[in-house]
Amino acid sequence: MKKTTVFTGLVMLLCLASCEEHKEEKHEVVTFLVTNPVKKDTSITKDYVSQIHSIRHIELRALERGYLKNIYVDEGQHVTKGQRMFQIMPNIYQAELQKAKAESNVAEIELTNTQLLADGDVVSPNELAMAKANLDKANAEVSLAQTHLGFTSIKAPFDGIMDHLEAREGSLLDEGELLTTLSDNSKMWVYFNVPEAEYLDYIMSDAKQNNKDVELLMANNKRFNQKGIVETIEGEFDSETGNIAFRATFPNPDGILRHGETGSILMSVPYKGVVIIPQKATFEILDKTYVFVVDKDNVVHQRELTIGAELPHLFIVDKGLSENDTILLEGIRMVKDQEKIHTKLVDPTTVLSNLALYAE
């Protein structure tokens, strides 16, 4: 009786273990979400480090040697065209002008006297011509002296903002010595470098004919309140970097931008008929990007991809996939290459519209 009871208990234990094992096997069956890549037109925003320049930025230098008598402006001041900015002591140049005018008067009197003598056939025509030449020379000296005197008063050649003062009142200036710089900030030229491949895409697109609109991200990570236009491209590539410089022009009505600032140009680049997949469906091994492709028998195959560009939550695939492939969307860390799995197909449109829900 005791042996029968023990035997019965063993049978019951075996049955329970079998049932539990059967339940565990059912519990281990996992269904993986899969989807298809999408082929569509899209665009991405690329950013390029840029340098900001005034449309006109010049150095103001002394055109004559002398003492800096007066400074009429201050650093950072906005000046208007024709406004007097600096005065070099003019005494010597005023004296030279007076001397030239006196010599011109003498030459004019000599010409008048020679003309009277020539009318009476007292002097030859050559002497009259010489007197006229002397007067022309004296008048030229007057113009030259007036020019030198004019150079002692330095005026703004255009409306702009002046920079640091390089000399102070009373300084002895040499000819050509730097006084300050002047910037016309009504418009700004923003230079940025573009790689050769992107340059070719741009130059062969419609954007070249339509003057591509761009935006400027300033150093404080805020977008400038005006849009710019790509107006010109430099003539040569940099042999060291393989880049070529683009120039965009931005209006600057509020004077926010100044010469020498930095920022980033934001340019929209169109992509036509490209294959797009969620980033979360990919994984990396040794700097290479892979995805699991699921065949018609639900067997997964590891496949290397070439990524062309990156969007928020998305990759644009250059090589490795077509819109007819089926890819594993979730659980890429739970499967192995050549493993057979249970799948559930999710419409790619639904996937793209709910990427935040699928993000791990």
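The expected span of a helix is 1.5 Å times one less than its number of residues. In this predicted model, helix α3 (residues 125–150) has 26 residues and reaches 38 Å from its first C-alpha to its last, close to the 38 Å expected. Within α3, the residues L128, A131, L135, A138, V142 and A145 are buried. The cover over the buried residues of α3 includes α2 (91–119).

An open sheet is built from four strands in the order β6-β5-β3-β8, and the pairing is antiparallel. Its edges are formed by β6 (153–155) and β8 (172–173), each of which pairs on one side only. Between strand β3 (residues 66–71) and strand β5 (residues 84–88) there are three bridges, in the antiparallel sense. I71 has F86 of β5 as its bridge partner.

Strand β15 (residues 288–294) is connected to strand β16 (residues 300–311) by six bridges, and the two run antiparallel. V294 stands opposite V300 of β16. The hairpin of β15 and β16 has five residues between the strands, and N298 in this hairpin takes a positive phi near 65°. On pairing with strand β17 (residues 314–319), β16 forms five bridges, again in the antiparallel sense. Here T306 stands opposite K319 of β17. Two residues lie between the strands in the hairpin of β16 and β17, where H313 takes a positive phi near 70°.

S183 was examined with its surroundings. This residue lies in strand β9 (residues 178–195). With a relative accessible area of 8%, S183 falls under the 20% limit and is therefore buried. Leaving aside residues up to four places away in sequence, S183 touches S54, R56, H57, F158, D159, G160, I161 and H259. With H57, the contact of S183 includes a polar one between the two side chains, at 2.7 Å. Two other residues touched by S183, R56 and F158, interact with each other: the charged end of R56 sits over the ring of F158, 4.3 Å from its centre.

A search of the whole structure gave eight aromatic pairs. One of them, formed by Y199 and F246, is edge-to-face, with 6.5 Å centre to centre and 85° between the planes. This pair links distant parts of the chain, since Y199 belongs to helix α4 (residues 196–203) and F246 to strand β12 (residues 243–251), 47 residues apart. Y199 and F246 are both buried. The pair of F283 and F292 is tilted, at 4.9 Å centre to centre and 35° between the planes. F283 has a relative accessibility of 17% and so counts as buried, and F292 is buried as well, with a relative accessible area of 4%. Y199 and F246 also belong to one aromatic cluster, together with Y48, F192, Y202 and F237.

How values were computed: Residues are numbered from 1 along each chain as its sequence is written. This is a predicted model: local features need pLDDT of at least 70, side-chain atom pairs count only at pLDDT 80 or more; totals for chains, interfaces and linings use all residues. Side-chain values use heavy atoms; hydrogens and water are left out. Buried means under 20% relative accessible area, exposed over 50%, partly exposed in between (1.4 Å probe, protein chains only). A polar contact is a pair of N or O atoms within 3.5 Å; within protein, one must be able to donate a hydrogen and the other to accept it, and residues adjacent in sequence count only if both atoms are side-chain atoms. Contact means heavy atoms within 4.5 Å. Two strands pair if DSSP finds at least two bridges between them. Rings of Phe, Tyr and Trp (its six-membered ring) pair if their centres lie within 6.5 Å; planes under 30 degrees apart count as stacked, over 60 as edge-to-face and the rest as tilted. A charge sits over a ring if NZ of Lys or CZ of Arg is within 6 Å of the ring centre and within 35 degrees of the ring normal.
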